[in-house]
Amino acid sequence: MQGKDLKRAFVKYSPSIWGTTFLQFDSDPLKMHQNEAGGNTKWLRELDIHRNVPYTRDCAAEAYFWSLLVIAEPKYSIQRTILAKLIICIALLDDTYDNYGTIQELDLFTQAIQRWDIGLIESLPECMKVVFKVVVKLCDEIELETAKNGKSSLVLQYVKQAFFSFVKGYMVEAKWCHEKYVPTYDEYKINGIETSTMPLEMTLLIALGEFATKDMFDWILSNPKVLKAVSLIARLRDDLGTHTFEQQLREHVASAVECCMKQYEVLQEDAYKLIQNEIKGYWKDINEACLFNSDGIPKHVLDLILGLARATEFTYSNLKGDAVGSFEDKFSRGQLTKDYVIALLLDPIV
């Protein structure tokens with residue numbers, strides 16, 4: 001059974017706590033970040049996602065806040081605003097694979113991303129077609145932006161490949177969930193590098209900057225140690241912050257925590273400790289890359305990786321401490337970021 005005839009029990013997320021707050025900002029140059037947040041909210045509203053894709057999160061403000069944590073300097077406005085739109089796309093895809101599609105539908109959807117062919121999903125529900133079209137719309141925007149420096153053809157092939165690698169990782173997780181398979185911790189982490197979103201986000205950020213070269217994109221595809229480190233920090237921090245909530249909310253693929261418990265035959269508390277120690281090791285890899293840079297990577301590229309790692313730590317760590325079980329998901333639970341958003345965007349010191 002598929003499409004309209006299928007009864008679906010998906011989670012319906014609460015509306016954003018921000019409503020139309022950021023739509024009020026005009027083009028005052030002294031309010032750059034507020035204006036960007038407003039533009040991001042407007043972009044999402046114009047897509048009418050809340051009506052067209054009822055199973056997804058309304059996360060425009062949170063997506064922009066993430067991009068601001070990664071790259072805050074005024075001169076990177078284009079990268080920041082398009083990264084925020086990418087984060088919205090990632091949330092749409094995440095919720096589609098986790099919260100809505102059947103295994104057969106997701107397989108078709110994954111093939112459509114691989115071939116960049118909407119014809120493959122004609123039989124799928126309208127909401128999944130909308131998600132595909134939003135991804136295409138974002139790539140069209142990237143193409144327009146990179147055409148200004150004549151790099152659109154180079155950039156798009158790598159961006160599309162990054163999108164496919166990302167959803168392929170989600171497809172693996174969907175199959176695991178469907179088959180009720182709990183992978184080993186090591187197996188989970190291999191796939192988790194892609195589902196962390198870090199390779200996709202780095203590909204986008206490089207695509208929109210001065211280092212958009214074949215060599216740099218190939219460096220990302222080679223999964224260098226520093227990119228692997230930030231990817232696993234993101235994957236593991238995300239899982240620590242969300243696994244309890246997600247397992248209670250609906251049938252969900254085993255997280256890093258359950259996989260760690262299985263592989264090492266330990267209790268949840270011991271799995272937390274093991275994962276936290278691994279995260280500390282990955283931070284050492286990032287610090288080593290930034291301090292010594294033996295690969296000769298441009299400083300700006302390393303700064304982007306560092307920004308992504310910091311954004312992850314902020315989003316999924318409880319800032320009151322990192323005791324066992326002291327984790328949270330500030331992205332999906334907007335109330336947790338409310339004070340920070342107000343301080344940075346609505347009531348800044350300067």
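Which residues is Met-202 in contact with, leaving aside its neighbours within four places in sequence? The points below start there.

1. **Met-202.** Met-202 is in contact with Ile-220, Leu-227, Val-301, Leu-304, Ile-305 and Leu-308, once neighbours within four places in sequence are left aside. Contact here means heavy atoms within 4.5 Å.

2. **Basis.** This is a predicted model, in which local features need pLDDT of at least 70 and side-chain atom pairs count only at pLDDT 80 or more, while totals for chains, interfaces and linings use all residues. Residues are numbered from 1 along each chain as its sequence is written, and side-chain values use heavy atoms, with hydrogens and water left out.

3. **Main core.** The largest nonpolar core has 107 residues. Leu-93, Phe-109, Phe-163, Met-202, Ile-275 and Ile-286 touch the most other members. Helix α7 (residues 152–178) gives the largest share of this core, 14 residues. A nonpolar core is a set of buried Ala, Val, Leu, Ile, Met, Phe, Trp, Tyr and Cys residues joined through side-chain atoms within 4.5 Å. Buried means under 20% relative accessible area, exposed over 50%, and partly exposed in between (1.4 Å probe, protein chains only). Helices are DSSP runs (H or I, at least four residues), numbered from the N terminus.

4. **Second core.** A separate core of 11 residues also exists. Its members include Phe-22, Tyr-64, Phe-314 and Val-341. In soluble globular proteins, nonpolar side chains tend to be buried together.

5. **α9 against α14.** Helix α9 (residues 198–207) and helix α14 (residues 299–316) have axes that come within 11 Å and cross at roughly 140°. Axes are lines fitted to C-alpha atoms, for helices over the stretch in contact, with angles from 0 to 180 degrees between N-to-C directions. The pair is therefore oblique. The classes are: under 35 degrees roughly parallel, over 145 roughly antiparallel, 65 to 115 roughly perpendicular, the rest oblique. The crossing of α9 and α14 is right-handed. A crossing is right-handed if the near helix is turned clockwise from the far one by less than a right angle, and left-handed if anticlockwise. On the α9 side, Met-198, Glu-201, Met-202, Leu-205 and Ile-206 take part. They meet Val-301, Leu-304, Ile-305, Leu-308 and Thr-312 of α14.

6. **α4 against α6.** The axes of helix α4 (residues 77–99) and helix α6 (residues 126–146) come within 10 Å, crossing at roughly 160°. These two are therefore roughly antiparallel. Their crossing is left-handed. The α4 residues that meet α6 include Ile-82, Leu-86, Cys-89 and Leu-93. Among the α6 residues that meet α4 are Val-131, Val-135, Leu-138 and Ile-142.

7. **α8 against α12.** α8 and helix α12 (residues 256–264) have axes that come within 8 Å and cross at roughly 150°. They are therefore roughly antiparallel to each other. Tyr-185, Asp-186 and Tyr-188 of α8 make the contact with Ala-256, Cys-259, Cys-260, Gln-263 and Tyr-264 of α12.

8. **Cysteines.** How many disulfides does a search of the whole structure find? It finds zero. A disulfide is a pair of cysteine sulfur atoms within 2.5 Å. Take Cys-89: the closest cysteine sulfur, in Cys-139, is 7.8 Å away, too far for a bond. Cys-89 is buried, at 1% relative accessible area. Cys-290 is partly exposed, at 33%.

9. **Positive phi.** Most residues other than glycine have a negative phi. Lys-180 has a positive phi, near 55°. Lys-180 sits in the loop between α7 and α8, and is exposed at 63% relative accessible area. Asn-293 also has a positive phi, near 45°. Asn-293 lies in the loop between α13 (268–292) and α14, and is partly exposed at 25%.

10. **Tyr-181.** Tyr-181 is in the loop between α7 and α8 (185–195). Is Tyr-181 buried or partly exposed? Tyr-181 is partly exposed, at 33% relative accessibility. Not counting residues up to four places away in sequence, Tyr-181 touches Trp-176 and Glu-187. The C-alpha atoms of Tyr-181 and Gln-114 are separated by 25 Å, with the two residues 67 apart along the chain.

11. **Glu-269.** Glu-269 belongs to helix α13. Its relative accessibility is 46%, so Glu-269 counts as partly exposed. The C-alpha atoms of Glu-269 and Arg-8 are 34 Å apart, and the residues are 261 apart along the chain.
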